[in-house]
Amino acid sequence: MINNKIYDVAIIGGGLAGLNLSIQLAVKGHSVVLFEKESYPFHKVCGEYISMESWNFLTNEIGINLKKHKVAFINKLWITSPKGESLRSELESGGFGVSRYKLDFLLKDMAVAAGVLVLENCKAEDVSFNNNIFDIITNKGHFNANVCCGSWGKRSNFDIKWKRAFTGKTSSRLNNYVGIKYHVKMNFDEDVIALHNFKDGYCGISKIEDDKYCVCYLTKASNIKKAGSIKKAEEEVLYQNPHLKNAFEKMEHCYDAPLSISQISFSKKEAVQNNILMVGDSAGMITPLCGNGMSMAMHGSKIAAAEISAFLKNSISRKEMEINYSKKWKNNFETRVATGKFVQYFFGRTAATNMLVKIMNKSRGLTKKLINLTHGKSF
């Protein structure tokens with residue numbers, strides 16, 4: 001099938017960044033087509049904690065009644081080291097918990113209502129840019145657009161095909177992670193987000209909707225490979241932290257098997273590649289222990305929407321759009337991402353983590369400083 005219409009914007013990937021971007025552009029009067037390879041609703045590997053900096057954006061600009069959907073409000077932080085050293089702190093900025101299964105589905109419906117053509121079970125296979133028009137080949141046909149955005153998440157076939165720099169850095173401590181997620185029921189404080197550390201990884205636990213909790217951890221692929229299975233790795237590695245052992249032994253799983261994603265990289269990425277604006281994790285990732293990736297994805301979509309709309313209205317050139325977006329992404333997120341890498345460097349080492357938790361217990365000012373550096377203001 002060949003679609004003869006030229007859309008203003010084509011978005012590859014329908015996660016938080018892509019969906020929010022599509023809604024904003026449609027509301028501004030632009031024609032948008034969005035390609036999502038899955039079918040909504042579906043689960044994603046994600047910590048499912050959102051810092052409060054996104055509250056006004058989601059409620060006032062996007063129009064989601066979050067209170068109606070009974071999201072969990074979180075204002076306390078609990079950090080433990082591999083040996084069980086414990087730090088509890090107020091989380092002044094605060095946040096809320098909601099599953100991607102629910103949130104992405106709500107956003108998809110809002111995108112459709114705003115006039116976005118959302119194509120599910122639709123995989124983008126190739127993209128070319130000629131004569132200022134993008135040609136996107138999908139399993140559902142050819143589509144053309146004036147602007148193309150990549151919001152396909154942490155890693156895709158396009159990243160490999162284009163040989164984006166981060167795909168070749170397999171030996172770095174910032175690369176080759178595996179993410180594992182469960183939804184569970186458990187006896188745990190509703191207003192706390194826990195960050196339990198273990199050798200070469202950490203596990204976050206926080207409440208989402210419907211009396212469920214999200215348990216999501218990041219570990220080196222080598223830990224699972226050495227153990228031979230996810231379950232065995234949990235018992236041999238995660239259980240070395242007594243708090244994690246206690247949690248895992250008592251939690252009630254809501255679905256049979258965990259969700260997993262491999263080859264996660266926190267290396268630097270370009271915000272614009274081959275004239276395509278990258279949004280969300282495809283533009284750059286903050287380490288999950290900072291609990292701020294979802295807010296960054298949404299904030300990034302707002303930055304992109306403004307620049308794209310200005311270009312489509314002939315207020316700026318394509319080159320200016322690309323430069324402006326790259327600069328604003330860097331100005332808003334570079335310090336946060338760098339701080340996340342610094343903190344992950346310590347939390348990824350057993351001895352360093354034990355020491356850091358002790359230091360943070362003695363210096364609450366340091367704890368507050370690290371939290372502030374990885375969080376932003378309302379946007």
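I count a charge as sitting over a ring if NZ of Lys or CZ of Arg is within 6 Å of the ring centre and within 35 degrees of the ring normal. The model I consulted is predicted: local features need pLDDT of at least 70, side-chain atom pairs count only at pLDDT 80 or more, and totals for chains, interfaces and linings use all residues. Residues are numbered from 1 along each chain as its sequence is written, and side-chain values use heavy atoms, with hydrogens and water left out.

**Entry 1. Charges over rings.** I looked up Lys 220 and found its charged end over the ring of Tyr 177, 4.5 Å from the centre. I also noted Arg 88 over the face of Trp 78, at 4.1 Å from the ring centre.

**Entry 2. Aromatic pairs.** I recorded 17 aromatic pairs in the structure. Rings of Phe, Tyr and Trp (its six-membered ring) pair if their centres lie within 6.5 Å; planes under 30 degrees apart count as stacked, over 60 as edge-to-face and the rest as tilted. Trp 55 and Phe 96 are edge-to-face, because their planes stand at 85 degrees, with the ring centres 5.2 Å apart. Trp 55 belongs to helix α2 (residues 55-62) and Phe 96 to strand β5 (residues 86-97), 41 residues apart. Helices (H or I, at least four residues) and strands (E, at least two) are DSSP runs, numbered from the N terminus. Trp 55 counts as buried at 14% relative accessibility, and Phe 96 is buried at 0%. Buried means under 20% relative accessible area, exposed over 50%, and partly exposed in between (1.4 Å probe, protein chains only).

I then examined Tyr 182 and Phe 248, whose ring centres are 6.2 Å apart and whose planes are at 85 degrees, so this pair is edge-to-face. Tyr 182 lies in strand β10 (residues 177-185) and Phe 248 in helix α7 (residues 242-250), so the pair ties together parts 66 residues apart in sequence. Both Tyr 182 and Phe 248 are buried.

**Entry 3. Strand β4.** I took two strands as paired if DSSP finds at least two bridges between them. Strand β4 (residues 72-80) runs antiparallel to β5, joined by 8 bridges. Lys 76 stands opposite Glu 90 in β5. The two strands form a hairpin with 5 residues between them, and Gly 84 in the turn has a positive phi of about 100 degrees. With strand β11 (residues 192-198), β4 runs parallel through 5 bridges. In β11, Ile 193 is the bridge partner of Leu 77.
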